Amino acid sequence: MMQRNILVIDGQGGRIGREIIERLKAQCPSVCLTAVGTNSMATAAMLKGGADQAATGENAVIVNAAKADILIGPVGIAIADALLGEITPAMAVAVGQSPALKLLIPVNQCSNIIVGVGKLSVKAMLDDVIDRVQAAIE
């Protein structure tokens, strides 16, 4: 199996990013997990989850999105001014233009609703993320 560079981007408290990292580290230990938080609290949470490396802020999103094989985060990371304003337009463009396989979790909050998506629990959505990562790296 080829090693993949997986980028996890999260903001606010970093809870979703931390859970993704913990689960991927347990189920796909050979992957390189980079965490980028839109704030230092989110970055710290993802580091506690076991990220191999981490950074914070707009430039970190821009640089790492360009290098990722797989990019994971809440759908708001691709929408300017989402996550209560934490996502800058430059961050959203970097996510959108990234050549990575993007696994965007439809957290239907902050006036960004993804229609057609059932009301799944965060756990069910993260189960799907982990399954898709495993399929992509095999």
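**How the helices pack**

Mentor: Let's start with H3 and H5, which are roughly parallel to each other. Keep in mind as we go that this is a predicted model. H3 covers residues 58-67 and H5 covers residues 89-97; the two pack at an angle of about 15°, with their axes 9 Å apart. On the H3 side you'll find Glu 58, Val 61, Ile 62 and Ala 65, and they meet Ala 90, Met 91, Ala 94 and Val 95 of H5. Sort that contact by class and you get 7 nonpolar residues, 1 charged and no polar ones.

Now go to H1, and look at H2 (residues 40-48) beside it. Here the packing angle is about 20°, and the axes are 8 Å apart. That makes H1 and H2 roughly parallel too. The crossing of H1 and H2, though, is right-handed. H1 brings Gly 17, Arg 18 and Ile 21 to the contact, while H2 brings Ala 45, Met 46 and Lys 48. By class, the H1 and H2 contact holds 3 nonpolar, 1 polar and 2 charged residues.

While you're in H2, pick out Ala 44. Its relative accessible area is 35%, so Ala 44 is partly exposed. The C-alpha atoms of Ala 44 and Arg 18 are separated by 9.0 Å, and the two residues are 26 apart along the chain.

H1 has another contact for you to look at, with H6. H1 spans residues 15-27 and H6 spans residues 122-137; their axes come within 10 Å and cross at roughly 45°. At that angle, H1 and H6 are oblique to each other. This crossing is right-handed. From H1 the contact uses Arg 15, Ile 16, Glu 19, Ile 20, Arg 23, Leu 24 and Gln 27, and from H6 it uses Val 122, Lys 123, Leu 126, Asp 127, Ile 130, Val 133 and Gln 134. The class tally for H1 with H6 is 7 nonpolar, 2 polar and 5 charged residues.

Next, the loops. Gln 12 sits in the loop between strand S1 (5-10) and H1. Its phi is near 50°, which is a positive value in a residue other than glycine. Gln 12 has a relative accessible area of 32%, so it counts as partly exposed. Asp 81 belongs to the loop between strand S4 (70-74) and helix H4 (82-85). The phi of Asp 81 is near 70°, again positive in a residue other than glycine. With a relative accessible area of 54%, Asp 81 is exposed.

Finish with a strand residue: Thr 34, in strand S2 (residues 32-37). Its relative accessible area is 5%, so Thr 34 is buried. The side chains of Thr 34 and Asn 5 are joined by a polar contact of 3.5 Å. If you leave out neighbours within four places in sequence, Thr 34 is in contact with Asn 5, Ile 6, Leu 7, Val 8, Gln 53 and Asn 64.

Note on methods. Residues numbered from 1 in each chain as written. Predicted model: local features only at pLDDT ≥ 70, side-chain atom pairs only at ≥ 80, totals over all residues. Heavy atoms only, no water. Axes fitted to C-alpha atoms, helices over the stretch in contact; angles between N-to-C directions. Helix = DSSP H or I, 4+ residues; strand = E, 2+ residues; numbered from the N terminus. Parallel < 35°, antiparallel > 145°, perpendicular 65-115°, else oblique. Left-handed = near helix turned anticlockwise from the far one by under 90°. Contact = heavy atoms within 4.5 Å. Nonpolar A, V, L, I, M, F, W, Y, C, P; charged D, E, K, R; others polar. Buried < 20%, exposed > 50% of the residue type's maximum accessible area, 1.4 Å probe, protein only. Polar contact = N/O pair within 3.5 Å; in protein donor to acceptor, adjacent residues only side chain to side chain.
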